Amino acid sequence: MMASASPMSYEQIYQQRLARAVQRIRSARDRPTTALAREFFNDGRGHDFTMNRAPDRYNDDARWRSLPRRLLKLAAFLQDPSAHGVDAGDADETREQLSAAVFAQAPPSFLDDFRHLFEALLKARQKQWSREHADESMDIDEAEVESGEEDVSLLQEEDQLYQSLASLGWVSTGGQLRRPFREALHSVTMIVIGELVSGNFEEEGVLERVLQWAMAVLQPWAYSVVGQETFVQDQWEAQLEYSVSECFVHMRMKELFNLVTEYPDSLPAVRELSVALDRTGRLWYQSLANEWRNALIARLLHPGAETAQIIEVYINTIKVLREMDPSGELLQVVTQPVREYLKGRSDTIRCIIKSLTDEEGGELYEELRRQDAKPLEEAQLDEEDDEEPPTFDWEPPPSILKRRGVITGQVGRVTSSSRRAGDILAMLVGIYGSKDLFVNEYRIMLADKLLGNLEYDTDKEVHNLELLKLRFGEVSMRQCEVMIKDIDDSKRIQTNIRSTLANAKEKETPVVDAAIVSHIFWPALQREEVKNHPRLQRKLDQFSIEYAKLKNPRRLVWLKQLGTVELEVESYEEDEHGNITSHVKEVSCTPAQATLLAHFEDKSEWTSGELSTQTEMPEDIVKKRMGFWLNQRVVVSKRSGENLVYSLMSVNSAVADIDQIFQHDDEDHQQAVSIGAHEEEEMKVYESYIFGMLSNLGQLPLERIHSMLKTFVAGSDHKYDKTPQQLAVFLQQLCTDGKLECSPDGLYTRI
């Protein structure tokens, strides 16, 4: 019988494997390639490049500067390994052993040394090329053009270096130096592109110049480093074109906000950025969108920026992105924070309407006057469903592939945003999702303009209204038409009444002009109780009597606090010689201020309390109105107990009062429309609807109330155009007033 060998224990297996490993280590240590690797990192001049030393600029430069000479020794070994006692049978195995020995002993900075070397070589090539093309349009710093002895010596060693790298195979496909080689390419390319591109927005052909530079400098250098076979096999020509376009995009991404603010001067830069993005594919679009959003948030969306400035930048952003991305997807992603921020600002709609109707409004003023503008409802229809007959300028719609989303790459998902991108006004209205807000704001602004127009000149407003009707629809602007018609009718009426009074027996010169408004169609106007001076009231009554005769049975109800009164008053001021003199000047004031001053014709001195009694205005309002005449230096004031005593100014009082300035000027009555009254009137309508809902349906959440108000108030005179946030504030106010009750789960109940 044969006896079987007993199995080895785990300890015996471990000792056996350890002995083999030690044997391989000793064998590798004794190899000529290992000795040559140690010699490679000790250049024979006393520099040990494997030692861990503190950072030293001299040692750092010495390491990468000596690489060509040291690599030459490694290449010489591979050419004749038998001279070092190595079998020359398998050259590939010898090369692999040598590479393994070098990189096994390499310090952590070894690859960085090669990156420094490649950068220095490419910069030397760049300086040499710049020097040869100094008469062309490459704006390179003069200090970079001057080539020193170091660059000359580098270029002299260049050919031997590339031959050594080719022998070692470190820059071929999958070679160990591909990463530092690419990093050097990227670093130098960014420097050169920065000098050519940064801040240069108006010049055309910048991208073409960059690509020509890459073809003249980068491609020959990369061809020399990697060799012909690797250059063709790895398609380095296409890689370099992609890398240069990528660097171009990266450089422009730092200037996105400037591209927008300087548009349309920056149009050449915008178009070239779009071309560069097309060369890089969709990979950079998401990064571009994120960078653009962050730039807008950081530099635009803050309390220090005026709303008009934000709107202007938003419009420029629309135009820039429309040039870059016909699909509109990039526009939606980039401008979303701007739309949300503008929606939260209280004066956004007023700024938009003001820009639309103001000749100095810039882009929006021109947008309203576009010949190809369509109503806002039609701006959302499919552009391919246009039924207008074709003209000689007709062009076929763009291919569906042109409307491919630049970020998602999906087709047909973003055509609606693409259509809206061509209509700036539609995008601004789309921030709120309803045109009614803009129509109401225009009514308020139109009312102020019409009531402040003393000449009854409505030509400009009629022109603007006709343009707005084309965009917002005739039905939406019907009330505005009535308002303008009221002013035109007022002009005819006051002409007739003036003619009647002038031909009357009394032959009294008429002094009253009136704007007669149909209050149902106008926004809520300022209302304040004022008792006019009898002499002023007599003039108004005289006008009312003649109007009643002309328009019987209609009667006038005067808004006494509105209007303008032109007076000639005597004031005392200091002349150029320092003397106090009196002179007569014309002053425009409000009816309340004119009433107060008219009382001083009855007696020369009044207390604030007496004026309050005579005019039926609160005493604090009287003091505020009298501040106007104090600043005009028509009256003076002095304190008598708790009251202020006002008297007409004289020479003596003017001398004592010459340096006093009063800050009680009446500046809060410049606007005829009462915004608070207008909103309060709307809220009363909403309140009745809310009470009816809660009475019939019981408890309701905020979202349900908001949805029902949008449905049921749509057909009334007061359309519901509030946001859920605004409704929540109103409901909270009703709860504070004790009219509603809100449960912890957000359900509202009528008390």
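**Exercise 1. Work out which residues pair with Arg115 through salt bridges, and where the partners sit.**

Solution. Begin with Glu119, since Arg115 forms a salt bridge with Glu119 in which the closest N and O atoms are 3.3 Å apart; the term salt bridge stands for a side-chain nitrogen of Lys or Arg within 4 Å of a carboxyl oxygen of Asp or Glu. This is a predicted model, in which local features need pLDDT of at least 70 and side-chain atom pairs count only at pLDDT 80 or more, while totals for chains, interfaces and linings use all residues. Residues are numbered from 1 along each chain as its sequence is written, and side-chain values use heavy atoms, with hydrogens and water left out.

Helices (H or I, at least four residues) and strands (E, at least two) are DSSP runs, numbered from the N terminus.

Glu119 is buried because its relative accessible area is 10%, whereas Asp112, at 33%, counts as partly exposed; buried means under 20% relative accessible area, exposed over 50%, and partly exposed in between (1.4 Å probe, protein chains only).

Finally, widen the view: Asp112, Arg115, Glu119, Arg179 and Glu183 are linked in a network of salt bridges, and the structure holds 22 salt bridges.

**Exercise 2. Explain what the salt bridge between Glu687 and Lys739 ties together.**

Solution. The side chains of Glu687 and Lys739 meet at 3.1 Å, N to O. Glu687 lies in helix H30 (residues 675-697) and Lys739 in the loop between helix H32 (724-736) and strand E7 (740-742), so this pair ties together parts that are 52 residues apart in sequence. As for accessibility, Glu687 is buried at 16%, while Lys739 is partly exposed at 34%.

**Exercise 3. Check the span of helix H5 and find which of its residues are buried.**

Solution. Helix H5 covers residues 91-105, and at 1.5 Å a residue its 15 residues should span 21 Å, which agrees with the 21 Å between its end C-alpha atoms; the expected span is 1.5 Å times one less than the number of residues. Within H5, Thr94, Leu98, Ser99, Ala101 and Val102 are buried. They cover an arc of only 160° around the axis, which puts them on the same side of H5, the arc being that of the directions from the helix axis to the C-beta atoms. On the other side of H5, Glu96 and Ala104 are exposed.

**Exercise 4. Describe the largest nonpolar core and the surroundings of Phe118.**

Solution. A nonpolar core is a set of buried Ala, Val, Leu, Ile, Met, Phe, Trp, Tyr and Cys residues joined through side-chain atoms within 4.5 Å. The largest has 130 residues, of which Phe114, Phe118, Trp170 and Trp292 touch the most other members. Helix H10 (residues 206-226) gives the most to this core, with 12 residues. Leaving aside neighbours within four places in sequence, Phe118 is in contact (heavy atoms within 4.5 Å) with residues including Leu165, Phe181 and Trp221. Apart from this core lies another, of 22 residues, among them Ala594, Leu611, Val634 and Tyr646.
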